[in-house]
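Please look through the structure below.

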Amino acid sequence: MAIRKVMLVAAVAMALGATGRPASAEIVGRASVIDGDTIEMGGQRVRLFGIDSPESSQLCRANNKPYRCGQQSALALADKIGERTVRCLERDIDRYRRVVAVCYLGKEDLGSWLVEEGRALAFRRYSLDYVAQEEEAQAAKRGVWRGEFEPPWEWRAAHSRSATGANSK
């Protein structure tokens, strides 16, 4: 009997991991868009897995004119989601204690959609899942690919707290 309890406790501990949550937790509900690659559901921040969107204050250029590409990414995501239910499957917890997840609107992967539309880039540092969608967007000159831009990770490095005193992602 005691051995069964120990085995049960060990199995539960392994399933929950260090966060106290199931390793592949599902979060379902209405989402508020924080930026082009982060949403909030029920008070929980969720970073979309495998993609990186321009920062809200980041400027890109199209037709020789600057535009707020990060803001446009966030607005496009908000328009896409609307009032509908989003389902996220947790993949990790990042250093800011956000859940990192693949999120779906129905059966559509929101990260894939953002990259296909040129509103985000495949974040190759963490995943190669969306490289084909990025190449398609680049070839079709959609979103940021219609002009000039700095990849979000490079933009953040150039505009980090140490350089500007502002918060970074």
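## Helix and strands

Just after helix α2, G82 takes a positive phi of about 55°. This is a predicted model: local features need pLDDT of at least 70, side-chain atom pairs count only at pLDDT 80 or more, and totals for chains, interfaces and linings use all residues. Residues are numbered from 1 along each chain as its sequence is written, and side-chain values use heavy atoms, with hydrogens and water left out.

Helices (H or I, at least four residues) and strands (E, at least two) are DSSP runs, numbered from the N terminus. Helix α2 covers residues 69-81, 13 residues in total. From first C-alpha to last it reaches 18 Å, close to the 18 Å expected at 1.5 Å a residue. That expected span is 1.5 Å times one less than the number of residues.

Buried residues of α2 include C69, G70, L77 and I81. The buried residues line one face of the helix, because they fall within an arc of 160° seen down its axis. The arc is that of the directions from the helix axis to the C-beta atoms. Buried means under 20% relative accessible area, exposed over 50%, partly exposed in between (1.4 Å probe, protein chains only).

Now the strands. Two of them pair if DSSP finds at least two bridges between them.

| Pair | Sense | Bridges | One partner pair |
|---|---|---|---|
| β3 (residues 38-41) and β4 (residues 44-48) | antiparallel | 4 bridges | E40 and R45 |
| β4 and β9 (residues 99-105) | parallel | 3 bridges | L48 and A101 |

β3 and β4 form a hairpin with 2 residues between them. In its turn, G42 has a positive phi of about 55°.

G106 lies in the loop between β9 and β10. G106 counts as exposed because its relative accessibility is 53%.
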